Amino acid sequence: MNLAQSTLETKRCMLVKIQENNFIDIRRIYSNEKVREFLGGVPPEERIRAAFEGMVQTTDDHYFIIRDKPSNDLIGLVSLDKHHDGISTGISYQLLPVWWGKGYGKEVVEAVLEYAFSELGLPVIVAETQTANLASCKLLEGVGMRLRDKVFRFGAEQAIYERQKNNLMN
């Protein structure tokens, strides 16, 4: 994918940069209690709307709606944006539960990491997840990210992972 394109393709997924017509998709993801279990719960509608508007209007960050290639069904959301430290670029993802445990998360995160390193030229990417979210920790370790630190934030212990550009997976 080059910077002029708005889609990224994996074996099973299409990642399409978020657009004005994706609010229903974002609401569906942000309103799912299982998806939001380790993300502070389901936010009120006005916060969902504000988050969506921020995603659409940004020129610095990259938000992608994830869709299944054969069916075009919504899988989730993946993004590259400012980490909570305000300095680093972080990768984050939210997949609907029907897609969990099938390798879609790993497939998408690997593709976005490759995009970040190869197309955007970023030297390092971080990810933050609650240590209690064992599946997310396992996914991040599975794509070559290494635990850098643990912090207490948002009312829970968070694991901060990182992967450097020169630490590409084979």
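**Close-up views of a predicted model**

View 1. The exposed residues Leu-134, Ala-135 and Lys-138 sit on the face of α4 that is turned away from its buried side. Exposed stands for over 50% relative accessible area, buried for under 20% and partly exposed for values in between, calculated with a 1.4 Å probe on protein chains only. Helices (H or I, at least four residues) and strands (E, at least two) are DSSP runs, numbered from the N terminus. This is a predicted model, in which local features need pLDDT of at least 70 and side-chain atom pairs count only at pLDDT 80 or more, while totals for chains, interfaces and linings use all residues. Residues are numbered from 1 along each chain as its sequence is written, and side-chain values use heavy atoms, with hydrogens and water left out.

The buried residues of α4 include Ser-136, Cys-137, Leu-139 and Leu-140. Viewed down the axis of α4, its buried residues fall within an arc of 160°, so they line one face of the helix. The arc is taken over the directions from the helix axis to the C-beta atoms. An α-helix has 3.6 residues a turn, so residues three or four places apart point the same way. Packed against the buried residues of α4 are β5 (89-95), α3 (104-119), β6 (124-130) and β8 (156-164); contact here means heavy atoms within 4.5 Å. Gly-144, which follows α4, has a positive phi near 90°.

**View 2. Surroundings of Glu-141.** Glu-141 belongs to helix α4, which spans residues 134-142. Glu-141 counts as partly exposed because its relative accessibility is 43%. With neighbours within four places in sequence left aside, Glu-141 is in contact with Arg-146 and Tyr-161. A polar contact of 2.8 Å joins the side chains of Glu-141 and Tyr-161. Such a contact is a pair of N or O atoms within 3.5 Å; within protein, one atom must be able to donate a hydrogen and the other to accept it, and residues adjacent in sequence count only if both atoms are side-chain atoms. Glu-45 lies 96 residues from Glu-141 along the chain, and their C-alpha atoms are separated by 33 Å.

**View 3. Strand β3 and its partners.** Strand β3 (residues 62-68) pairs with β4 in the antiparallel sense over 6 bridges. Two strands are taken to pair if DSSP finds at least two bridges between them. Of the 7 residues of β3, 7 are buried, so the strand is largely enclosed by the rest of the structure. One side of β3 carries His-62, Phe-64, Ile-66 and Asp-68, the other Tyr-63, Ile-65 and Arg-67, and all of these are buried. In a regular strand the side chains alternate between the two faces of the sheet. Strand β2 (residues 13-17) runs antiparallel to β3 and is joined to it by 5 bridges, with Lys-17 opposite Phe-64. On the β4 side, Ile-65 has Leu-77 as its bridge partner, and Arg-67 has Leu-74. The hairpin of β3 and β4 has 5 residues between the strands, and Asn-72 there takes a positive phi near 65°.

View 4. In strand β4 (residues 74-82), 8 of the 9 residues are buried. The pairing of β4 with β5 is antiparallel and has 7 bridges. Gln-94 in β5 stands opposite Leu-77. Between the strands of this hairpin there are 6 residues, and Gly-86 takes a positive phi near 80°.

**View 5. Met-14 in strand β2.** Met-14 is located in β2. A relative accessibility of 26% is why Met-14 counts as partly exposed. Apart from residues up to four places away in sequence, Met-14 touches Thr-7, Leu-8, Glu-9, Ile-65, Ile-66, Arg-67 and Lys-69. Met-14 and Gly-41 are 27 residues apart in sequence, with 27 Å from C-alpha to C-alpha.

**View 6. The largest nonpolar core.** This core has 45 residues, and those with the most contacts inside it are Leu-15, Ile-26, Val-78, Ile-91 and Ile-125. Its largest share, 9 residues, comes from α3. A nonpolar core is defined as a set of buried Ala, Val, Leu, Ile, Met, Phe, Trp, Tyr and Cys residues joined through side-chain atoms within 4.5 Å. In soluble globular proteins, nonpolar side chains tend to be buried together. Leaving out neighbours within four places in sequence, Ile-26 is in contact with Ile-18, Ile-48, Phe-52, Met-55, Ile-65 and Leu-77.

View 7. Cys-13 counts as buried because its relative accessibility is 0%. Cys-137 also counts as buried, at 9% relative accessibility. With a disulfide defined as a pair of cysteine sulfur atoms within 2.5 Å, the count comes to 0 disulfides.
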